[in-house]
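My entries follow in the order in which I looked things up.

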Amino acid sequence: MSQRERILTLITAEGPITVERYMELCLAHYYAGRDPLGAAGDFTTAPEISQMFGELIGLWGAALWQAMGSPTPFRLIELGPGRGTLMADALRATARVPGLREAVQVHLVETSPALRERQRGALAPSGVAVHWHETVEEVPTGPAIAIANEFFDALPIQQYEATERGWCERRVALDGEGLRFVVQADPDPTVDAPLRPGAVVERNRATAGIVRTLAARFVGQGGALLAIDYGYWGPAFGDTLQALRAHAFTDPLEEPGEADLTAHVDFREIARAAAEMGAAVHGPVSQGDFLRALGIELRASALKARATPVQAEAVETALLRLTDSAGMGELFKVLAIADHSLQTLPGLRPNPLEDEP
Ligand code: SAH
């Protein structure tokens, strides 16, 4: 039975399912058995564009580890590591930081068996011990630095539509042979956004839950999370659910489980979840500003200095793609949460959460 047939059967039996449940069912199937990244896949991410991305994030982590007093051991956590490219580049770039190799333990939170295999292959040459987990709760206690690049956008959202009755949750129903969106009859009184006709608001409980877990952990044991994703400082009044297949947008209801489903990340939701647990918030800043502050231009010049003209051209193209406002530089944002003992984080400024940045 295809995932589409499974979803149709479920809705026939139980009635319309929430957008959240629909995304969960689609994404579990989508990620389980494939490598969706790269030219032959559905989408490309920053670490796949250039080694500079993972290298700079590795150095960011190393600087933080030193600011934490170089705890040994410490956990370097990555959420949704894809092909393992970011982590491999980060470990290579930090290999000579004194004491780090002896201290670092890599913990990858990854549900996809297919991608775990890719990660195993990518990280074997590093010689660093790597552990895999289904959820972030499974990562052993202790000081930690966590990285999440294009992870939170892959978690299921709830959507609510403004109606005369109030905010009503969106569901997915049968429509002949296909699927369509409907709204639940009863409004949900817990949505506190001002009602505007035709508006849609989104919530991401999975993200908020993971952030609360990490924030509580950092407050008690030390550490920080760096989250990089495309998104906004919410609430936004619009539908951001989108489907990508072979690098082109498709209808999210068209090919359940076969297209990549994502939603924009609400960085304010992350910041609030972290603040609730007593963690500090840094940023968000644009990816372009963040990478420039970490020295991506210098790194690009160093790579170009020992490259062939063709390679140098590729480095320059990657630099622009990662930092330019026409590429990922503006749309992608960087936010960190950390325990309060870490006063400044490289490339970011503290966010007191009183004003919108
Ligand atoms: N960070 C990588 C990959 C982004 S794609 C990069 O930048 O290239 C999203 C990643 O999150 C994939 O590795 C996917 O398998 C993983 N993932 C998706 N949902 C997950 C979940 N609920 N728990 C853990 N990993 C998940």
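I began with the largest pocket, where H2 gives the most to the lining, with 5 residues. I note that helices (H or I, at least four residues) and strands (E, at least two) are DSSP runs, numbered from the N terminus. The model is predicted, so that local features need pLDDT of at least 70 and side-chain atom pairs count only at pLDDT 80 or more, while totals for chains, interfaces and linings use all residues. Residues are numbered from 1 along each chain as its sequence is written, and side-chain values use heavy atoms, with hydrogens and water left out.

**Entry on the largest pocket.** I wrote down a volume of about 730 Å³ for this pocket, and its lining of 38 residues, of which Gly-80, Thr-111, Phe-151, Ala-154 and Leu-155 lie nearest its centre. The elements that give two or more residues to this lining are H2, helix H3 (46–49), strand E2 (74–79), H5, H7 and helix H8 (205–221). On a 1 Å grid over the protein atoms alone, a pocket is an open set of points with protein on both sides within 12 Å along at least five of seven lines, a cavity is a set where a 1.4 Å probe fits but cannot get out, and lining residues have an atom within 4 Å of a point.

**Entry on the cavities.** How many cavities of 30 Å³ or more does a search of the whole structure find? I found 2. The largest cavity has a volume of about 110 Å³, and among its 13 lining residues Ile-57, Gly-58, Gly-61, Leu-76 and Ala-90 lie nearest its centre. Helix H4 (51–67), E2 and H5 each give two or more residues to that lining, and H4 gives the most, with 4. The second largest cavity has a volume of about 90 Å³, and of its 15 lining residues the closest to its centre are Asn-204, His-264, Val-265, Asp-266 and Glu-269.

Definitions and conventions
Points joined across faces, edges and corners; volume = space filled by probe spheres on them.
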